[in-house]
Amino acid sequence: MTEELEIFRDSVHKFLDKEFVPNQERWGKQGYVDREAWYRAGEMGLLCASIPEQYGGGGGSFAHEAVINIEMTRALVNFGIGVHNGILAHYILAYGSEAQKQRWLPRMATGELVGAIAMSEPGVGSDLKSVKTRAVRDGDDYLINGSKTFITNGYHANLICVVCKTNPELGAKGISLVMVETEGQGGFRRGKLLEKIGQKAQDTAELFFDDVRVPQGNLLGAEEGRGFGQLMQQLPQERMIIALSAQASMHRAIEFTTDYVRQREVFGQQLSELQNTRFKLAECKTVATIATTFVDQCMMQLLAGQLDTTTAAMAKWWTTQKNCEVIDECLQLHGGYGYILEYPIARMYANARVSKIYGGSNEIMKELIARKIT
Ligand SMILES: Cc1cc2nc3c(=O)[nH]c(=O)nc-3n(C[C@H](O)[C@H](O)[C@H](O)COP(=O)(O)OP(=O)(O)OC[C@H]3O[C@@H](n4cnc5c(N)ncnc54)[C@H](O)[C@@H]3O)c2cc1C
(Lines give C-alpha, C1' and ligand atoms only; values in the text may rest on other atoms or scores of the structure.)
Protein backbone atom coordinates (compact mmCIF):
# COMPACT_ATOMS: atom_id res chain seq x y z
CA MET A 1 0.00 0.00 0.00
CA THR A 2 1.06 3.58 -0.66
CA GLU A 3 -0.40 6.84 0.58
CA GLU A 4 -2.16 7.30 -2.77
CA LEU A 5 -3.67 3.80 -2.55
CA GLU A 6 -4.82 4.49 1.03
CA ILE A 7 -6.66 7.60 -0.17
CA PHE A 8 -8.17 5.58 -3.01
CA ARG A 9 -9.20 2.87 -0.56
CA ASP A 10 -10.91 5.43 1.63
CA SER A 11 -12.90 6.85 -1.29
CA VAL A 12 -13.90 3.35 -2.51
CA HIS A 13 -14.99 2.41 1.01
CA LYS A 14 -17.13 5.55 1.40
CA PHE A 15 -18.68 5.14 -2.03
CA LEU A 16 -19.62 1.49 -1.47
CA ASP A 17 -20.94 2.25 1.98
CA LYS A 18 -23.15 5.07 0.75
CA GLU A 19 -24.35 3.81 -2.61
CA PHE A 20 -23.98 0.03 -2.83
CA VAL A 21 -24.38 -1.41 0.67
CA PRO A 22 -27.89 0.03 1.23
CA ASN A 23 -29.05 -1.52 -2.06
CA GLN A 24 -27.50 -4.98 -1.73
CA GLU A 25 -30.57 -6.68 -0.31
CA ARG A 26 -32.89 -5.28 -2.99
CA TRP A 27 -30.37 -6.03 -5.74
CA GLY A 28 -29.96 -9.53 -4.36
CA LYS A 29 -33.72 -10.10 -4.58
CA GLN A 30 -33.90 -8.90 -8.19
CA GLY A 31 -30.72 -10.83 -9.08
CA TYR A 32 -28.78 -7.88 -10.55
CA VAL A 33 -27.54 -4.43 -9.58
CA ASP A 34 -29.41 -1.44 -11.01
CA ARG A 35 -27.94 -0.39 -14.37
CA GLU A 36 -27.31 3.04 -12.83
CA ALA A 37 -24.79 1.46 -10.44
CA TRP A 38 -22.40 0.93 -13.37
CA TYR A 39 -22.59 4.60 -14.36
CA ARG A 40 -22.05 5.68 -10.75
CA ALA A 41 -19.03 3.38 -10.42
CA GLY A 42 -17.71 4.97 -13.62
CA GLU A 43 -18.20 8.51 -12.29
CA MET A 44 -16.35 7.55 -9.11
CA GLY A 45 -13.35 6.26 -11.07
CA LEU A 46 -13.82 2.62 -10.10
CA LEU A 47 -14.26 1.34 -13.65
CA CYS A 48 -11.07 0.60 -15.60
CA ALA A 49 -9.00 1.87 -12.67
CA SER A 50 -5.90 0.09 -13.97
CA ILE A 51 -6.31 1.13 -17.62
CA PRO A 52 -4.14 4.01 -18.97
CA GLU A 53 -5.71 7.46 -18.98
CA GLN A 54 -5.33 7.74 -22.76
CA TYR A 55 -8.10 5.12 -23.01
CA GLY A 56 -10.30 6.80 -20.42
CA GLY A 57 -9.08 4.69 -17.51
CA GLY A 58 -7.82 5.71 -14.10
CA GLY A 59 -4.16 5.26 -15.01
CA GLY A 60 -3.55 3.06 -11.97
CA SER A 61 -2.00 -0.38 -11.60
CA PHE A 62 -3.42 -3.73 -10.62
CA ALA A 63 -2.93 -2.59 -7.02
CA HIS A 64 -5.93 -0.29 -7.57
CA GLU A 65 -7.99 -3.27 -8.68
CA ALA A 66 -6.84 -5.10 -5.54
CA VAL A 67 -8.04 -2.22 -3.37
CA ILE A 68 -11.47 -2.19 -5.05
CA ASN A 69 -11.73 -5.94 -4.78
CA ILE A 70 -10.79 -6.05 -1.08
CA GLU A 71 -13.14 -3.20 -0.18
CA MET A 72 -16.02 -4.88 -2.02
CA THR A 73 -15.32 -8.10 -0.15
CA ARG A 74 -15.22 -6.30 3.20
CA ALA A 75 -18.51 -4.54 2.43
CA LEU A 76 -20.11 -7.82 1.26
CA VAL A 77 -20.92 -6.17 -2.05
CA ASN A 78 -21.56 -8.37 -5.10
CA PHE A 79 -20.80 -6.46 -8.29
CA GLY A 80 -19.14 -7.86 -11.42
CA ILE A 81 -16.36 -5.30 -11.57
CA GLY A 82 -13.69 -8.01 -11.29
CA VAL A 83 -14.71 -9.37 -14.69
CA HIS A 84 -15.22 -5.90 -16.22
CA ASN A 85 -11.99 -4.29 -14.97
CA GLY A 86 -9.63 -7.09 -14.14
CA ILE A 87 -10.43 -9.38 -17.04
CA LEU A 88 -12.19 -7.87 -20.05
CA ALA A 89 -10.55 -4.43 -20.05
CA HIS A 90 -7.14 -6.09 -19.78
CA TYR A 91 -7.86 -8.47 -22.68
CA ILE A 92 -8.62 -5.45 -24.83
CA LEU A 93 -5.57 -3.57 -23.56
CA ALA A 94 -3.27 -6.54 -24.12
CA TYR A 95 -4.56 -7.87 -27.45
CA GLY A 96 -6.76 -5.19 -29.00
CA SER A 97 -5.69 -3.01 -31.93
CA GLU A 98 -5.37 0.72 -31.28
CA ALA A 99 -8.78 1.22 -32.93
CA GLN A 100 -10.37 -1.45 -30.69
CA LYS A 101 -8.89 0.10 -27.54
CA GLN A 102 -10.18 3.54 -28.54
CA ARG A 103 -13.58 2.12 -29.42
CA TRP A 104 -14.26 0.10 -26.28
CA LEU A 105 -12.12 1.09 -23.30
CA PRO A 106 -13.33 4.71 -22.82
CA ARG A 107 -16.96 3.53 -22.86
CA MET A 108 -16.12 0.75 -20.40
CA ALA A 109 -14.62 3.37 -18.11
CA THR A 110 -17.85 5.37 -17.98
CA GLY A 111 -20.13 2.37 -17.56
CA GLU A 112 -21.76 2.86 -20.96
CA LEU A 113 -20.38 -0.57 -21.83
CA VAL A 114 -20.58 -3.39 -19.29
CA GLY A 115 -18.15 -6.19 -20.00
CA ALA A 116 -18.42 -9.96 -19.79
CA ILE A 117 -16.27 -12.89 -20.78
CA ALA A 118 -18.19 -15.83 -22.21
CA MET A 119 -16.18 -19.05 -22.02
CA SER A 120 -18.36 -21.66 -20.31
CA GLU A 121 -21.03 -23.54 -22.21
CA PRO A 122 -23.75 -25.90 -21.02
CA GLY A 123 -21.58 -28.90 -21.94
CA VAL A 124 -18.10 -27.41 -21.42
CA GLY A 125 -16.54 -25.74 -18.39
CA SER A 126 -13.14 -26.95 -17.22
CA ASP A 127 -12.19 -28.44 -20.59
CA LEU A 128 -12.15 -25.10 -22.33
CA LYS A 129 -10.53 -26.29 -25.54
CA SER A 130 -13.72 -28.27 -26.26
CA VAL A 131 -15.99 -25.20 -26.63
CA LYS A 132 -18.59 -25.68 -29.35
CA THR A 133 -19.54 -22.07 -30.15
CA ARG A 134 -18.49 -21.37 -33.74
CA ALA A 135 -17.42 -18.19 -35.50
CA VAL A 136 -17.49 -18.73 -39.26
CA ARG A 137 -16.25 -16.21 -41.81
CA ASP A 138 -18.96 -14.82 -44.06
CA GLY A 139 -17.72 -12.06 -46.37
CA ASP A 140 -16.18 -9.42 -44.12
CA ASP A 141 -18.04 -10.72 -41.09
CA TYR A 142 -18.15 -13.58 -38.63
CA LEU A 143 -21.36 -15.49 -38.04
CA ILE A 144 -21.44 -16.71 -34.44
CA ASN A 145 -23.55 -19.67 -33.33
CA GLY A 146 -23.67 -21.32 -29.93
CA SER A 147 -24.69 -20.85 -26.33
CA LYS A 148 -22.89 -19.85 -23.15
CA THR A 149 -23.84 -20.28 -19.53
CA PHE A 150 -22.88 -19.00 -16.06
CA ILE A 151 -21.85 -15.66 -17.53
CA THR A 152 -21.12 -13.03 -14.89
CA ASN A 153 -22.68 -9.66 -15.85
CA GLY A 154 -24.77 -11.65 -18.34
CA TYR A 155 -27.90 -9.58 -17.66
CA HIS A 156 -26.31 -6.15 -18.17
CA ALA A 157 -23.33 -6.88 -20.41
CA ASN A 158 -23.37 -5.10 -23.76
CA LEU A 159 -19.76 -5.88 -24.67
CA ILE A 160 -19.04 -9.59 -24.57
CA CYS A 161 -15.82 -11.38 -25.35
CA VAL A 162 -17.00 -14.68 -26.82
CA VAL A 163 -14.67 -17.66 -26.80
CA CYS A 164 -15.30 -19.32 -30.18
CA LYS A 165 -13.91 -21.97 -32.41
CA THR A 166 -12.78 -20.47 -35.70
CA ASN A 167 -11.25 -23.79 -36.74
CA PRO A 168 -12.73 -26.81 -34.90
CA GLU A 169 -10.17 -29.20 -36.39
CA LEU A 170 -7.30 -27.54 -34.55
CA GLY A 171 -8.50 -28.02 -30.94
CA ALA A 172 -7.01 -25.37 -28.65
CA LYS A 173 -5.27 -23.77 -31.65
CA GLY A 174 -8.64 -23.24 -33.31
CA ILE A 175 -9.94 -20.97 -30.53
CA SER A 176 -10.37 -17.23 -31.05
CA LEU A 177 -11.77 -14.37 -28.98
CA VAL A 178 -14.44 -12.40 -30.80
CA MET A 179 -16.04 -9.28 -29.35
CA VAL A 180 -19.80 -8.80 -29.60
CA GLU A 181 -21.49 -5.46 -28.96
CA THR A 182 -25.01 -6.51 -28.13
CA GLU A 183 -27.01 -3.28 -28.68
CA GLY A 184 -29.34 -3.87 -31.63
CA GLN A 185 -27.53 -7.10 -32.42
CA GLY A 186 -29.77 -9.54 -34.30
CA GLY A 187 -29.60 -13.18 -33.22
CA PHE A 188 -28.32 -12.39 -29.73
CA ARG A 189 -30.51 -13.39 -26.82
CA ARG A 190 -30.12 -13.53 -23.06
CA GLY A 191 -31.51 -16.54 -21.28
CA LYS A 192 -32.88 -16.56 -17.79
CA LEU A 193 -31.02 -15.12 -14.84
CA LEU A 194 -29.55 -18.03 -12.96
CA GLU A 195 -30.70 -18.20 -9.34
CA LYS A 196 -27.63 -18.79 -7.18
CA ILE A 197 -27.12 -19.76 -3.54
CA GLY A 198 -24.89 -16.72 -2.96
CA GLN A 199 -23.51 -13.59 -4.67
CA LYS A 200 -27.12 -12.88 -5.44
CA ALA A 201 -26.81 -9.25 -6.58
CA GLN A 202 -24.24 -10.22 -9.20
CA ASP A 203 -26.10 -11.18 -12.35
CA THR A 204 -25.24 -14.53 -13.88
CA ALA A 205 -27.01 -15.56 -17.07
CA GLU A 206 -27.16 -17.77 -20.12
CA LEU A 207 -26.43 -16.22 -23.51
CA PHE A 208 -27.50 -17.43 -26.94
CA PHE A 209 -25.93 -16.63 -30.30
CA ASP A 210 -27.96 -17.50 -33.35
CA ASP A 211 -26.26 -16.31 -36.56
CA VAL A 212 -24.91 -13.25 -34.74
CA ARG A 213 -23.12 -11.20 -37.37
CA VAL A 214 -20.11 -9.12 -36.34
CA PRO A 215 -17.34 -7.57 -38.46
CA GLN A 216 -14.11 -9.54 -38.69
CA GLY A 217 -12.53 -6.47 -37.13
CA ASN A 218 -14.02 -7.64 -33.83
CA LEU A 219 -11.48 -10.44 -33.58
CA LEU A 220 -9.21 -9.75 -30.62
CA GLY A 221 -5.59 -10.00 -31.71
CA ALA A 222 -3.95 -9.97 -35.09
CA GLU A 223 -4.95 -13.44 -36.26
CA GLU A 224 -7.33 -16.31 -35.60
CA GLY A 225 -6.39 -19.22 -33.36
CA ARG A 226 -4.67 -17.21 -30.65
CA GLY A 227 -7.59 -17.29 -28.19
CA PHE A 228 -6.43 -20.13 -25.97
CA GLY A 229 -2.98 -18.63 -25.51
CA GLN A 230 -4.53 -15.22 -24.82
CA LEU A 231 -6.77 -16.71 -22.14
CA MET A 232 -3.85 -18.55 -20.52
CA GLN A 233 -1.66 -15.45 -20.47
CA GLN A 234 -4.21 -13.45 -18.46
CA LEU A 235 -5.02 -16.22 -16.01
CA PRO A 236 -2.53 -15.34 -13.22
CA GLN A 237 -4.15 -11.91 -12.88
CA GLU A 238 -7.67 -13.34 -12.91
CA ARG A 239 -6.77 -15.88 -10.25
CA MET A 240 -5.30 -13.14 -8.08
CA ILE A 241 -8.65 -11.32 -8.14
CA ILE A 242 -10.20 -14.40 -6.54
CA ALA A 243 -7.33 -14.97 -4.08
CA LEU A 244 -7.33 -11.32 -2.97
CA SER A 245 -10.99 -11.52 -2.20
CA ALA A 246 -10.62 -14.84 -0.37
CA GLN A 247 -7.93 -13.58 2.00
CA ALA A 248 -9.90 -10.37 2.72
CA SER A 249 -13.00 -12.44 3.36
CA MET A 250 -11.24 -14.53 6.04
CA HIS A 251 -10.27 -11.45 8.04
CA ARG A 252 -13.78 -10.01 7.70
CA ALA A 253 -15.37 -13.25 8.89
CA ILE A 254 -13.11 -13.25 11.95
CA GLU A 255 -14.04 -9.61 12.71
CA PHE A 256 -17.77 -10.34 12.53
CA THR A 257 -17.31 -13.41 14.71
CA THR A 258 -15.15 -11.67 17.30
CA ASP A 259 -17.87 -9.02 17.71
CA TYR A 260 -20.50 -11.71 18.02
CA VAL A 261 -18.77 -13.92 20.60
CA ARG A 262 -18.02 -10.91 22.78
CA GLN A 263 -21.68 -10.07 23.19
CA ARG A 264 -23.12 -13.61 23.31
CA GLU A 265 -23.49 -15.16 26.76
CA VAL A 266 -23.50 -18.92 27.32
CA PHE A 267 -23.60 -20.68 30.69
CA GLY A 268 -23.17 -17.37 32.47
CA GLN A 269 -20.10 -16.16 30.64
CA GLN A 270 -19.16 -14.55 27.37
CA LEU A 271 -18.80 -16.99 24.49
CA SER A 272 -15.45 -15.33 23.79
CA GLU A 273 -14.10 -16.58 27.13
CA LEU A 274 -14.45 -20.27 26.30
CA GLN A 275 -11.18 -21.91 25.34
CA ASN A 276 -12.73 -23.54 22.27
CA THR A 277 -13.82 -20.13 20.95
CA ARG A 278 -10.43 -18.57 21.62
CA PHE A 279 -8.53 -21.46 20.02
CA LYS A 280 -10.81 -21.60 16.96
CA LEU A 281 -10.40 -17.86 16.39
CA ALA A 282 -6.65 -18.13 16.94
CA GLU A 283 -6.47 -20.89 14.31
CA CYS A 284 -8.57 -18.87 11.86
CA LYS A 285 -6.47 -15.74 12.36
CA THR A 286 -3.29 -17.72 11.78
CA VAL A 287 -4.62 -19.12 8.50
CA ALA A 288 -5.85 -15.67 7.39
CA THR A 289 -2.48 -14.12 8.18
CA ILE A 290 -0.59 -16.77 6.22
CA ALA A 291 -3.01 -16.26 3.31
CA THR A 292 -2.45 -12.50 3.31
CA THR A 293 1.31 -12.92 3.46
CA PHE A 294 1.30 -15.26 0.47
CA VAL A 295 -1.17 -13.15 -1.52
CA ASP A 296 0.92 -10.03 -0.79
CA GLN A 297 3.97 -11.79 -2.17
CA CYS A 298 2.04 -12.88 -5.27
CA MET A 299 0.81 -9.29 -5.73
CA MET A 300 4.38 -7.99 -5.65
CA GLN A 301 5.30 -10.55 -8.30
CA LEU A 302 2.25 -9.67 -10.38
CA LEU A 303 3.00 -5.94 -10.25
CA ALA A 304 6.55 -6.73 -11.37
CA GLY A 305 5.19 -8.85 -14.25
CA GLN A 306 6.68 -11.99 -12.71
CA LEU A 307 3.75 -13.99 -11.35
CA ASP A 308 3.74 -17.42 -12.97
CA THR A 309 0.72 -19.62 -13.63
CA THR A 310 1.68 -22.25 -11.05
CA THR A 311 2.07 -19.81 -8.16
CA ALA A 312 -1.19 -18.06 -9.10
CA ALA A 313 -2.94 -21.46 -9.15
CA MET A 314 -1.58 -22.17 -5.65
CA ALA A 315 -2.89 -18.84 -4.40
CA LYS A 316 -6.29 -19.40 -5.96
CA TRP A 317 -7.01 -22.90 -4.67
CA TRP A 318 -5.47 -22.55 -1.22
CA THR A 319 -7.02 -19.22 -0.27
CA THR A 320 -10.48 -20.17 -1.50
CA GLN A 321 -10.34 -23.53 0.28
CA LYS A 322 -9.16 -21.90 3.51
CA ASN A 323 -11.71 -19.12 3.21
CA CYS A 324 -14.52 -21.67 3.12
CA GLU A 325 -13.04 -23.48 6.13
CA VAL A 326 -12.56 -20.28 8.14
CA ILE A 327 -16.06 -19.06 7.39
CA ASP A 328 -17.47 -22.45 8.37
CA GLU A 329 -15.71 -22.29 11.76
CA CYS A 330 -16.88 -18.72 12.26
CA LEU A 331 -20.44 -19.64 11.35
CA GLN A 332 -20.34 -22.47 13.90
CA LEU A 333 -19.42 -19.97 16.62
CA HIS A 334 -22.60 -18.02 15.80
CA GLY A 335 -24.77 -21.03 16.62
CA GLY A 336 -28.19 -20.90 14.95
CA TYR A 337 -27.79 -17.22 14.10
CA GLY A 338 -24.99 -18.22 11.74
CA TYR A 339 -27.60 -19.92 9.57
CA ILE A 340 -29.81 -16.85 9.35
CA LEU A 341 -29.18 -14.58 6.37
CA GLU A 342 -29.69 -11.45 8.44
CA TYR A 343 -26.25 -12.22 9.89
CA PRO A 344 -23.34 -11.36 7.58
CA ILE A 345 -21.53 -14.62 8.32
CA ALA A 346 -24.43 -16.56 6.74
CA ARG A 347 -24.21 -14.47 3.57
CA MET A 348 -20.43 -14.86 3.52
CA TYR A 349 -20.84 -18.63 3.73
CA ALA A 350 -23.09 -18.65 0.67
CA ASN A 351 -20.97 -16.11 -1.22
CA ALA A 352 -17.70 -17.95 -0.69
CA ARG A 353 -18.66 -21.38 -1.97
CA VAL A 354 -18.42 -20.63 -5.67
CA SER A 355 -14.85 -19.40 -5.41
CA LYS A 356 -13.68 -23.03 -5.25
CA ILE A 357 -15.48 -23.66 -8.55
CA TYR A 358 -15.05 -20.66 -10.85
CA GLY A 359 -11.93 -19.02 -12.24
CA GLY A 360 -10.74 -22.54 -12.97
CA SER A 361 -11.96 -25.05 -10.39
CA ASN A 362 -9.63 -25.93 -7.52
CA GLU A 363 -9.13 -29.40 -8.98
CA ILE A 364 -7.89 -27.82 -12.20
CA MET A 365 -5.55 -25.58 -10.13
CA LYS A 366 -4.05 -28.69 -8.55
CA GLU A 367 -3.66 -30.25 -12.01
CA LEU A 368 -1.69 -27.20 -13.13
CA ILE A 369 0.57 -27.34 -10.07
CA ALA A 370 1.02 -31.10 -10.33
CA ARG A 371 2.04 -30.79 -13.98
CA LYS A 372 5.02 -28.70 -12.90
CA ILE A 373 6.24 -31.14 -10.27
CA THR A 374 5.53 -34.59 -11.69
C1 LIG B 1 -21.43 -17.77 -10.17
C2 LIG B 1 -20.63 -18.22 -11.34
C3 LIG B 1 -20.06 -17.27 -12.17
C4 LIG B 1 -19.34 -17.67 -13.30
N5 LIG B 1 -18.87 -16.72 -14.18
C6 LIG B 1 -18.36 -17.13 -15.37
C7 LIG B 1 -18.06 -16.16 -16.39
O8 LIG B 1 -18.18 -14.94 -16.20
N9 LIG B 1 -17.62 -16.63 -17.58
C10 LIG B 1 -17.46 -17.95 -17.85
O11 LIG B 1 -17.09 -18.28 -18.95
N12 LIG B 1 -17.74 -18.88 -16.90
C13 LIG B 1 -18.19 -18.50 -15.69
N14 LIG B 1 -18.51 -19.45 -14.73
C15 LIG B 1 -18.33 -20.86 -15.03
C16 LIG B 1 -17.19 -21.49 -14.27
O17 LIG B 1 -15.96 -20.99 -14.72
C18 LIG B 1 -17.32 -23.01 -14.43
O19 LIG B 1 -18.44 -23.40 -13.67
C20 LIG B 1 -16.08 -23.77 -14.00
O21 LIG B 1 -15.02 -23.52 -14.89
C22 LIG B 1 -16.32 -25.28 -13.91
O23 LIG B 1 -16.90 -25.75 -15.10
P24 LIG B 1 -18.24 -26.66 -15.03
O25 LIG B 1 -19.21 -25.97 -14.16
O26 LIG B 1 -18.65 -26.97 -16.41
O27 LIG B 1 -17.76 -27.95 -14.28
P28 LIG B 1 -17.05 -29.25 -14.94
O29 LIG B 1 -15.94 -28.81 -15.82
O30 LIG B 1 -18.11 -30.11 -15.52
O31 LIG B 1 -16.45 -29.93 -13.64
C32 LIG B 1 -17.24 -30.72 -12.73
C33 LIG B 1 -16.31 -31.21 -11.62
O34 LIG B 1 -15.28 -32.00 -12.20
C35 LIG B 1 -14.02 -31.52 -11.83
N36 LIG B 1 -13.06 -31.72 -12.92
C37 LIG B 1 -13.18 -31.34 -14.21
N38 LIG B 1 -12.09 -31.67 -14.92
C39 LIG B 1 -11.24 -32.25 -14.03
C40 LIG B 1 -9.92 -32.82 -14.14
N41 LIG B 1 -9.25 -32.81 -15.28
N42 LIG B 1 -9.37 -33.37 -13.01
C43 LIG B 1 -10.03 -33.37 -11.84
N44 LIG B 1 -11.27 -32.85 -11.69
C45 LIG B 1 -11.86 -32.30 -12.77
C46 LIG B 1 -14.23 -30.04 -11.56
O47 LIG B 1 -13.21 -29.51 -10.74
C48 LIG B 1 -15.58 -30.06 -10.89
O49 LIG B 1 -15.42 -30.37 -9.54
C50 LIG B 1 -19.18 -19.06 -13.57
C51 LIG B 1 -19.73 -20.00 -12.70
C52 LIG B 1 -20.46 -19.61 -11.62
C53 LIG B 1 -21.09 -20.65 -10.76
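This is a predicted model: local features need pLDDT of at least 70, side-chain atom pairs count only at pLDDT 80 or more; totals for chains, interfaces and linings use all residues.
**Notes on the ligand site and a helix pair**

1. In the side chain of Ser120, an N or O atom sits 2.7 Å from a nitrogen atom of the ligand. Gly125 takes part through its backbone, with an N or O atom 3.4 Å from a ligand oxygen atom.

2. Which residues come nearest to the ligand? Of the 16 residues around the ligand, these are Ser120, Ser126, Thr152, Ser361 and Glu363. By class, the shell holds nine nonpolar, five polar and two charged residues.

3. At least two of its residues are supplied by each of β1 (115-118), β3 (141-152) and α11 (362-373). The most comes from β3, which gives three residues.

4. Now for the helix pair. Helix α7 (residues 227-263) and helix α9 (residues 309-333) have axes that come within 8 Å and cross at roughly 20°. An angle under 35 degrees counts as roughly parallel, so α7 is roughly parallel to α9.

5. As for handedness, α7 passes α9 in a left-handed crossing. The residues of the contact of α7 with α9 comprise 16 nonpolar, six polar and three charged.

How values were computed: Residues are numbered from 1 along each chain as its sequence is written. Side-chain values use heavy atoms; hydrogens and water are left out. A residue is near a molecule or strand if one of its heavy atoms lies within 4 Å of it. A polar contact is a pair of N or O atoms within 3.5 Å; within protein, one must be able to donate a hydrogen and the other to accept it, and residues adjacent in sequence count only if both atoms are side-chain atoms. Helices (H or I, at least four residues) and strands (E, at least two) are DSSP runs, numbered from the N terminus. Ala, Val, Leu, Ile, Met, Phe, Trp, Tyr, Cys and Pro count as nonpolar, Asp, Glu, Lys and Arg as charged, and the others, Gly among them, as polar. Axes are lines fitted to C-alpha atoms, for helices over the stretch in contact, and angles run from 0 to 180 degrees between N-to-C directions. Angles under 35 degrees count as roughly parallel, over 145 as roughly antiparallel, 65 to 115 as roughly perpendicular and the rest as oblique. A crossing is left-handed if the near helix is turned anticlockwise from the far one by less than a right angle, and right-handed if clockwise.
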